[in-house]
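Biologist: Could you help me learn to read a structure like this one? I would like to go feature by feature.

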Amino acid sequence: GTNFAAFITANLGSMETQGVEFSVNVIPVRNKDLTWDIAFNATYNKNEITNLTVVPNDPNYKGFVSTNINGTQGFAFINSVGGSKNTFNLYHQIYQNGKPVEGLFEDVNRDGIINEDDKYKGKRADPNLFFGFSTNVQWKKWNASTVLRASFNNYVYNNVYSNNGRLNQILNAYVLGNASRNYLETNFTGGTEQQLLSDYYLQNASFLKMDNLNIGYNFGQVLRQKATLRLNLAIQNVFTVT
């Protein structure tokens, strides 16, 4: 006999992306001895899922989940109509005396049990603000330049903390391990099944980074004008502020 499946596979998802970008290039000083160039840009970008179902905006379809946490514990993201792609979908952590209580989460729908219906759509993984800055200064035979960039309002799930910030990491039956420093702030044992889906592990990933810094000096012609000499000091990944 022949079996016919009662479903179809269709490519029907849609998403809108909107944004605006601003850039400016300025030369504050330019004369015989000194030249100073500055470049700056700023970008705002927003994405929104507009449809995911054959019947447009089906109210019964909550969206599809993605990015499995530690293989079996659940998914970090939900993608649903009206929201951004890669929106975190986790449990509200309950705190006591400033510390998260292991295994205790908010009963969002007040039905007396904690399950998938108590997860909430929270922060997004994608930033919506980007900035870039570069400058170059030349003074006589000296020159210096740098490049900085930044992004804001993006969040990340700290899987290092969720894996290692627990007592079980130290008291492993097979090997003596190291716990990450957040264990001192939680005292988690690691025995609660849903702990990995806590929004405690959600962290602001906004950052400002100096990608490089260059300083140089041009000696000009040397060795009786048979060669030119230029010295340059270059530093990569100078600093990151998060």
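Biologist: Which strand does Trp142 lie in?

Modeller: Strands are DSSP runs of E with at least two residues, numbered from the N terminus. Trp142 belongs to strand S10, residues 142-152. A word on the source: this is a predicted model, where local features need pLDDT of at least 70, side-chain atom pairs count only at pLDDT 80 or more, and totals for chains, interfaces and linings use all residues. Residues are numbered from 1 along each chain as its sequence is written, and side-chain values use heavy atoms, leaving out hydrogens and water.

Biologist: What is the strand order of the sheet that holds S10?

Modeller: Two strands pair if DSSP finds at least two bridges between them. Here six strands form an open, antiparallel sheet, ordered S1-S2-S9-S10-S13-S14. Its edge strands, S1 (14-30) and S14, each pair on one side only.

Biologist: How many bridges join S10 to S13?

Modeller: Ten bridges join this antiparallel pair. Asn143, for instance, has Gly216 in S13 as its bridge partner.

Biologist: How exposed is Trp142?

Modeller: Buried means under 20% relative accessible area, exposed over 50%, and partly exposed in between (1.4 Å probe, protein chains only). At 43%, Trp142 is partly exposed.

Biologist: Which residues make the nonpolar surface patch?

Modeller: Patch residues have over 30% relative accessible area and no salt bridge, and nonpolar side chains are joined within 5 Å. This patch, about 770 Å², is made by Trp139, Trp142, Leu208, Ile215, Leu233, Ile235, Val238, Phe239 and Val241. S14 gives the largest share, five residues.

How values were computed. Patch = residues over 30% accessible without salt bridge, like charges linked within 9 Å, V, L, I, M, F, W, Y side chains within 5 Å. Areas by Shrake-Rupley, 256 points an atom, 1.4 Å probe, with all protein chains shown as cover. Salt bridge = Lys/Arg side-chain N within 4 Å of Asp/Glu carboxyl O. Helix = DSSP H or I, 4+ residues; strand = E, 2+ residues; numbered from the N terminus.
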